[in-house]
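Biologist: Can you put the model up? I'd like to go through it with you.

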Amino acid sequence: MCELRRLRFAGGAAGANPASTTHAARRRIIELERYDPPGSDPFGRHAMPPALKALLAQLAGLAAAVALARTGALVGLWPLVSVQALIAATVAAGLRSARWWLPIHLGFLPLAVVAHGAGIHPGWYLAAFVILVLVYWTSFRTQVPLYLSNPATAAAVGKLLPAHPARMLDIGAGTGALLRPLAQARPDCRFTGIELAPATWAIGRLLLRRHANIEWLRGDLFSADLSGYDLVYAFLSPVPMAAVWAKASAEMPPDSTLVSNSFEVPGHEPDAVIDVGDRRGTRLFLYRMGARGERRSG
Ligand SMILES: C[S@@+](CC[C@H](N)C(=O)[O-])C[C@H]1O[C@@H](n2cnc3c(N)ncnc32)[C@H](O)[C@@H]1O
């Protein structure tokens, strides 16, 4: 964070002469801003990481249940488990956790107790944990979970590809669900997917092995170079969109298009919005690039 502040300060001081902010410095700012975008601070000084909120909520529930058990005010396993779950959910709500955390808090200890009663071998929990870690990897930090684009969305994105042989990149490519149908439909185009989570990437590698026009990379989308693509596709979450925009507008070439599935870039009007017409109500937000670092007008 110190480095980010120093670079931002140097960039501000260079305001009178923007040329003195080097390209390398700008790329480093974008890389550092990915989890600390200007104007929002989801993981910085003022916001608590969601995983820490969840831990605090669970511990608060446990502390309350233990205190009630000790005083004898509440007896029996299920009343105590229920109190733990209710208090955990209430504390999570008080900490402004996302709404989907509440059913998790309500169900966590009750399900653990039921599973314990069913005599399931602890090795299964470990196996489930390892699989979830390999699939979701840094989701607790990036706040970008795994969900896949459907065939209707792939068809809609296919219509956005230029008629000439083009290059397209999916940043956060999951298992390649979007790239597979596109690569089949457009053998004249080159497709690249970059994915961070090891298990998801490995599944993609297996599923895409027969597609010669797909390049499948494991890595962080913020380390990818966006300068060689006619279309960049993002299906992420609201959290990284400001940083994605900063990177895209600094690196994508003129007349290329950033397509974001479901999540708008904060503070920037899209050039077009496409309703895919699927049951999920998918909307694609299109941002056309002009000269480096600018939006195309019209
Ligand atoms: C919502 S899924 C979209 C998958 C795919 N693009 C699709 O449309 O089917 C988002 C994916 O982005 C990956 N991801 C999240 N942050 C990333 C990062 N910084 N670099 C690379 N991949 C990332 C997640 O692991 C997840 O697989």
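Biologist: What share of the contacts between residues at least 6 apart in sequence join residues at least 24 apart?
Modeller: 63% of them. Keep in mind that this is a predicted model.

Biologist: What is the mean pLDDT of the chain?
Modeller: The mean is 85. 81% of the residues reach 70 or more.

Biologist: Where does pLDDT stay under 50?
Modeller: One such stretch is residues 11-21, with 5 contacts beyond four places in sequence in the model. Residues 35-45 are also below 50. That stretch has 19 contacts beyond near neighbours in sequence. Where pLDDT is low, the predicted coordinates should not be read in detail.

Biologist: OK, on to the fold. How many helices and strands are in the chain?
Modeller: 11 helices and 7 strands. The chain has 298 residues, and 32% of them count as buried.

Biologist: In what order do the strands sit in the sheet?
Modeller: S3-S2-S1-S4-S5-S7-S6. The sheet is open, has 7 strands and shows mixed pairing.

Biologist: Which are the edge strands?
Modeller: S3, residues 214-218, and S6, residues 272-275. Each of these pairs on one side only.

Biologist: And by how many degrees are neighbouring strands turned against each other on average?
Modeller: By 20 degrees, ignoring direction.

Biologist: Do S1 and S2 run parallel or antiparallel?
Modeller: Parallel. S1 covers residues 167-171 and S2 covers 190-195, and 5 bridges join them. In one of these pairs, Arg167 has Arg190 in S2 as its bridge partner.

Biologist: Which strands does helix H10 touch?
Modeller: H10, residues 198-207, packs on the sheet and touches S2 and S3. Its direction makes about 155 degrees with that of S2.

Biologist: How many residues of S2 are buried?
Modeller: 5 of its 6, so by the count of neighbouring C-beta atoms within 10 Å S2 is mostly covered.

Biologist: What about S5, how many of its residues are buried?
Modeller: 5 of 5, over residues 257-261. In a regular strand the side chains alternate between the two faces of the sheet. In S5 both faces are covered. Thr257, Val259 and Asn261 are buried on one side, and Leu258 and Ser260 are buried on the other.

Biologist: In which sense does S4 pair with S5?
Modeller: In the parallel sense, over 4 bridges. S4 is residues 231-234. Leu231 stands opposite Thr257 of S5.

Biologist: Switching to the ligand. How many residues surround it?
Modeller: 23. The closest are Val144, Ser149, Gly172, Gly174 and Leu196.

Biologist: What's the make-up of that shell by class?
Modeller: 15 nonpolar, 5 polar and 3 charged residues.

Biologist: Last one, Gln184. Where does it lie?
Modeller: Gln184 lies in helix H9, residues 179-185.

Biologist: Why does Gln184 count as partly exposed?
Modeller: Because it has 14 other C-beta atoms within 10 Å. Buried takes 20 or more, and exposed takes 12 or fewer.

Biologist: How many Å is Gln184 from His211?
Modeller: 7.9 Å, C-alpha to C-alpha. In sequence, Gln184 and His211 are 27 residues apart.

Technical notes. Residues are numbered from 1 along each chain as its sequence is written. This is a predicted model: local features need pLDDT of at least 70, side-chain atom pairs count only at pLDDT 80 or more; totals for chains, interfaces and linings use all residues. Two strands pair if DSSP finds at least two bridges between them. Helices (H or I, at least four residues) and strands (E, at least two) are DSSP runs, numbered from the N terminus. Axes are lines fitted to C-alpha atoms, for helices over the stretch in contact, and angles run from 0 to 180 degrees between N-to-C directions. Two residues are in contact if their C-beta atoms, placed from the backbone, lie within 7 Å. A residue is near a molecule or strand if its C-beta atom, placed from the backbone, lies within 6 Å of it. Ala, Val, Leu, Ile, Met, Phe, Trp, Tyr, Cys and Pro count as nonpolar, Asp, Glu, Lys and Arg as charged, and the others, Gly among them, as polar. pLDDT is the predictor's confidence in each residue, from 0 to 100.
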